[in-house]
Amino acid sequence: MDFEFTDDQLAIRKHMREFAEREIAPVAAKNDRECKFDWDLARSMFDQGFFGCPIPEKYGGLGLDYISYGLMTEEVNRICSSARTLFSAQTSLVGLSILRWGTEEQKQYYLPKLCTGEFLGCFGLTEPEAGSDAGNQQTRAVKDGGDYLLSGQKTWISCGSIATHSLIFATIDRSLEHKGITAFLVDTKSKGYTAREIKGKLGLRASDTAEIFMDEVRVPKENMLGQVGEGFKIAMSALDNGRFSVAAGAVGLVQGCIDECTKYAMQRKTFGVPIGEHQQIQAMIADMVADCEAGRLLYLRAAHLKNKNVRNTLETSIAKLFCGEAANRAGHNAVQIFGGYGYSDEYPVERYFRDAKVLNIYEGTREIQRLIIGQDALGIRYANGKPSGRPTALATVGA
Ligand code: COS
């Protein structure tokens, strides 16, 4: 086990931190208040090439490893969860799915444009009747000559109303259950395709979230990702990447709370001393620090497995569950430390508190993560397709 980062990993983290503080921090609160997806900010992120972080250079990416990708994701979310959501949808859910499942032609066509932002992707899995039960897809794909006609509805789709391309999951035959689900890359300008932004969200207010409606949207069969019936596996493998970026992002949110709270606690005085000298404040900050360090190790372990191309559904789920919960604890306590000031948007902790909630809802609720982890522990269904080989307590002490 090596707990050191390489010089390259440290350099990319530093670069991302400086970018986030210089470009994202000055606009994050205003965008949130105005519920505005900030195209200028998105463009400057694209110009830096960040979205191609784990994509190989031959497809226009930076060709970096997953540890670098996690660290970059964390740094974006340390400042703004909405900006990180764009990063997750574009890179983890769409880009990496095309990299894994696409034909050479599809990779060459989509990936360079996704890296530069010429194409903006969204991940169309969730439906009004298929959230946690993702296999229950109602969107239909009907074969029509060499094309497919897609009809149905998606909801809660990040970047749904601004995307140029959607990765849509649809069933060719509902009686086949999850084995009928097939994935398509759909141009959002296609006839019959419309999207409507969802307004009034608790958090992620500077992120676009939408419903998508499809009425016989014609998709050439060349735009199918993977094979007929492979869609469910594609969706699940995409979520192995999406959940990873949510976990790394959640750690960033915890780190953001620590940074804000430690600064504030040494300035704000009560009873004649900075509040940081009170043990109850120290305890809340200590819990955040412990959560942050533990969560970081969990997502880095998943990153290590991804680098080795080893199945990591279980490790990613554990990271996603723990880090999402940690972010909620941190947001809650950060507002508490700021007291009345934490209750207004004068300081960022109020935004962190609201933005934390979605981390144990989207890309698999905390209940779904517990289901994956619990069933694996009980041997009911192995998350990685086989027993994890996790050492038992006795094995650990060499008994
Ligand atoms: N990678 C590759 N394949 C996977 C996989 C993964 N991570 N997870 C499951 N599969 C495969 C299984 O191996 C199985 O394959 P076979 O048909 O060859 O046996 C198939 O997919 C079906 O798996 P399973 O029976 O476990 O599917 P379930 O319908 O019971 O679903 C859960 C399992 C609940 C884990 C899944 O539906 C899920 O993750 N739901 C949450 C969805 C979600 O996160 N939604 C958020 C939307 S994006 S914001």
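A residue is called buried when its relative accessible area is under 20%, exposed when it is over 50%, and partly exposed in between, using a 1.4 Å probe and protein chains only. By this definition Lys107 is buried, because its relative accessible area is 15%.

The structure is a predicted model, in which local features need pLDDT of at least 70, side-chain atom pairs count only at pLDDT 80 or more, and totals for chains, interfaces and linings use all residues. Residues are numbered from 1 along each chain as its sequence is written, and side-chain values use heavy atoms, with hydrogens and water left out.

**The chain as a whole**

The protein chain has 11 helices and 10 strands; helices (H or I, at least four residues) and strands (E, at least two) are DSSP runs numbered from the N terminus. Its radius of gyration is 21 Å, close to the 21 Å that the globule rule gives for 399 residues, so the chain is as compact as a globular protein of that length. This radius is taken over C-alpha atoms, and the rule is 2.2 Å times the number of residues to the power 0.38. Further values for the chain are listed below.

| Property of the protein chain | Value |
|---|---|
| Span of the C-alpha trace along its principal axes | about 80 × 60 × 40 Å |
| Buried residues | 55% of the 399 residues |
| Contacts joining residues at least 24 apart, among those between residues at least 6 apart in sequence | 72% |

Contact means heavy atoms within 4.5 Å.

**Lys107**

Lys107 belongs to helix α5, which covers residues 104–116. Apart from neighbours within four places in sequence, Lys107 is in contact with Tyr59, Ile98, Leu99, Gly102 and Pro112. The side chain of Lys107 also reaches the backbone oxygen of Leu99, at 3.4 Å. Such a polar contact is a pair of N or O atoms within 3.5 Å; within protein, one must be able to donate a hydrogen and the other to accept it, and residues adjacent in sequence count only if both atoms are side-chain atoms. Lys58 is 49 residues from Lys107 in sequence, with 9.9 Å between their C-alpha atoms.

**Helix α2**

Helix α2 spans residues 39–47, and its residues Leu41, Ala42, Ser44, Met45 and Phe46 are buried. The buried residues of α2 pack against α1 (7–34), α3 (66–79), α4 (81–101) and α5. At the start of α2, the backbone nitrogen of Asp40 has a side-chain oxygen of Asp38 within 3.1 Å. After α2 comes Gly49, with a positive phi near 80°.
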